Protein chains: 2
Amino acid sequence: MSAAEFDLIARIRARAGVRDDVALGIGDDAALLQPPPGRQLVVATDTLNRGVHFGEGAAAADIGWKSLAVNLSDLAAMGAEPAWCTLSLSLPTQADNAAFVDAFLDGFLDLAAQHRVALVGGDTTRGPLSVCVTVLGLVAPGAALRRDAAQPGDEIWVTGTLGDAAAALALDGIAPYREQAVRRCAGDPATDAARLHERLARPTPRVAAGRSLAGLASAGIDVSDGLLADLGHVCAASQVAARIELALLPVSPALAAAAEGAARWQLQAAGGDDYELCFTAVPERRTAIERALAEAAVPGCRIGRIEAGRGVRAFAPDGTPWRPARTGYEHFAG
Amino acid sequence: MSAAEFDLIARIRARAGVRDDVALGIGDDAALLQPPPGRQLVVATDTLNRGVHFGEGAAAADIGWKSLAVNLSDLAAMGAEPAWCTLSLSLPTQADNAAFVDAFLDGFLDLAAQHRVALVGGDTTRGPLSVCVTVLGLVAPGAALRRDAAQPGDEIWVTGTLGDAAAALALDGIAPYREQAVRRCAGDPATDAARLHERLARPTPRVAAGRSLAGLASAGIDVSDGLLADLGHVCAASQVAARIELALLPVSPALAAAAEGAARWQLQAAGGDDYELCFTAVPERRTAIERALAEAAVPGCRIGRIEAGRGVRAFAPDGTPWRPARTGYEHFAG
């Protein structure tokens, strides 16, 4: 560890949040945490690399926010309460690493504070810009929203709206989204574009919604690769099929102004980076789920149904089957 | 997630170890673990990047071994029992990722099995070759070996031998170690070089020793950056000074054949990548510590003493102070 790395760690340590259950945080070989009795530990990790998950020109604060957000979204998809996280930062050798780290922490710690997540450890090292975050959360035994618990007859729900992040990528001309027809002239183009880009740069992990659904929904996943792809993972794990009504997919005013018809369906059904929750529940719990989402102050709606069989099918408003040009984001397709 | 990424994850999942306390492993948004009651959770994370922590020609199995070893070493330095880990792999887009992952897992899972560590989650993504591992372990409350608990009068101990990995780097001509005078002609040069390189490529995390020292030693750290640098962290955290006798530093036969005098001290006192444990303990516990190390089947010896003051000083056999050309590995110095 050099003086420079030591300084970076000191900068991070000085700003990391505190929790009573952190016996020892940043600054030793490892962190010491005191989990509460009778809870299961929930662990997720995700890496974001420059040029893959964010562009060359991405703001450091947005990278910080998103690197934690995508991990908290995984905890939300399990119905877990976030508690602690670690951060491993690979930084190119350059003079302004301190400025980058400060701005990165602005975004990272802003989101961490919103969810009372304590940053308890990690490392900084030299390398192409890369951020690896591990989050630890807690859930009551048996209450987690697993992918393998969907049952035929379950209704399929989704929180918020779908397709905004993919529309932002289409507006930016990012492959493969640039193939989508996106209008720039309806509504207030500047405001709409800003809203779409905000969804892409600063996704909202649905933590409160996930926690309120734990023990209530059957199965759950977060929409990171695209609705059809992610719902496909649920169907594969649960050995069931899903039927989606495209007319029921929730749409934001900004996306409604930017795209319509099949172009919009493509963004909503196959666009990645939404970080909404997709979950299934028996119809008898419809009212309880509506109440739970209302308490979490998160909108949600039903978009289809789990059936016996295999695979995910989507249907247009006229009842005809519809297939997207692509089903979702592919990390190794490039 | 693409078919290729899905296939990689399936390959990893098929080989991940199992433990009774893993309620849900690889394959969902997050893992579900059941920590035992009354234990503290110990969390460490470390990233290894190609070109920084391993060379272009490093064997995939060695990268896999070392990426887990350096993390287990952090748990060992806390006196913790390893339990679970996550693995985040960034892989360049290339045809032989599957072969790389298979070989990587050979090394990673070999070491994981030795310590009964279950691989419970992670991700694979596109990017320059990078490995981020997070390990989770357990320790009795109050028993962890912290950096901030050394006291004047404590004896300073180290496990195993020091300097082998740095000597391997010197033999390979890696900066800054190539400046060190390393003989290639004493003893059996081929065998000695192989032993030194084995220490560099496949370090042994001192897990059993760390566990046996928990609650017995005062303070502990693993020697990853170099003895003087790492002991410096202990002294800074504990607000004490350390005095090291260079003649007492443990040396392997291979290193003894390869370097002597100040050149050897430089490798032993300032070479990184040893992953031995350095710890302090009150003299009254000398016999108990010798017994604990013997039970762990790990050699250990006393190399100096903690004193009042600040900083780390090293002394030659004739009693004169000695300062290394460098104190330890510097990630951001290049």
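Me: A strand here is a DSSP run (E, at least two residues), and strands are numbered from the N terminus. In which strand is Asp123(A) found?

Reply: Good place to start, and do keep in mind that this is a predicted model. UniProt, in an unreviewed entry, lists Asp123(A) for "binding site", along with Thr45(A) and Asp46(A). Asp123(A) belongs to chain A, and its strand is S5.

Me: Is Asp123(A) buried or exposed?

Reply: Buried means under 20% relative accessible area. For Asp123(A) that area is 9%, so the residue counts as buried.

Me: Which residues of chain B does Asp123(A) touch, not counting residues up to four places away in sequence?

Reply: Within chain A, Asp123(A) touches Leu87(A), Ser88(A) and Leu89(A). Its contacts also reach across to chain B, where they are Thr45(B), Asp46(B) and Thr47(B).

Me: And what is the relative accessible area of Asp46(A)?

Reply: Asp46(A) sits in strand S3 of chain A. Its contacts beyond four places in sequence include Val70(A), Cys132(A) and, from chain B, Asp123(B). Asp46(A) is buried, because its relative accessible area is 18%.

Me: In which sense do strand S3 of chain A and strand S2 of chain B pair?

Reply: Strands of a sheet pair through backbone hydrogen bonds, either parallel or antiparallel. Here residues 40–49 of chain A meet residues 31–33 of chain B over 3 bridges. Val43(A), for example, stands opposite Ala31(B). The sense is antiparallel.

Me: Which C-alpha in chain A is nearest the axis?

Reply: A rotation of 180° with 0.0 Å of shift superposes chain A on chain B, at an RMSD of 0.0 Å. The two copies are therefore related as by a two-fold rotation axis. At 3.0 Å from that axis, the nearest C-alpha in chain A is that of Pro37(A).

Key:
Residues are numbered from 1 along each chain as its sequence is written. Chains are lettered from A and ligands numbered from 1 in the order in which they are written. This is a predicted model: local features need pLDDT of at least 70, side-chain atom pairs count only at pLDDT 80 or more; totals for chains, interfaces and linings use all residues. Side-chain values use heavy atoms; hydrogens and water are left out. Two strands pair if DSSP finds at least two bridges between them. Helices (H or I, at least four residues) and strands (E, at least two) are DSSP runs, numbered from the N terminus. Copies are superposed by least squares on the C-alpha atoms of residues with pLDDT of at least 70 in both. UniProt positions are given in the numbering used here, feature names are shortened, and annotations may be inferred rather than shown by experiment. Buried means under 20% relative accessible area, exposed over 50%, partly exposed in between (1.4 Å probe, protein chains only). Contact means heavy atoms within 4.5 Å.
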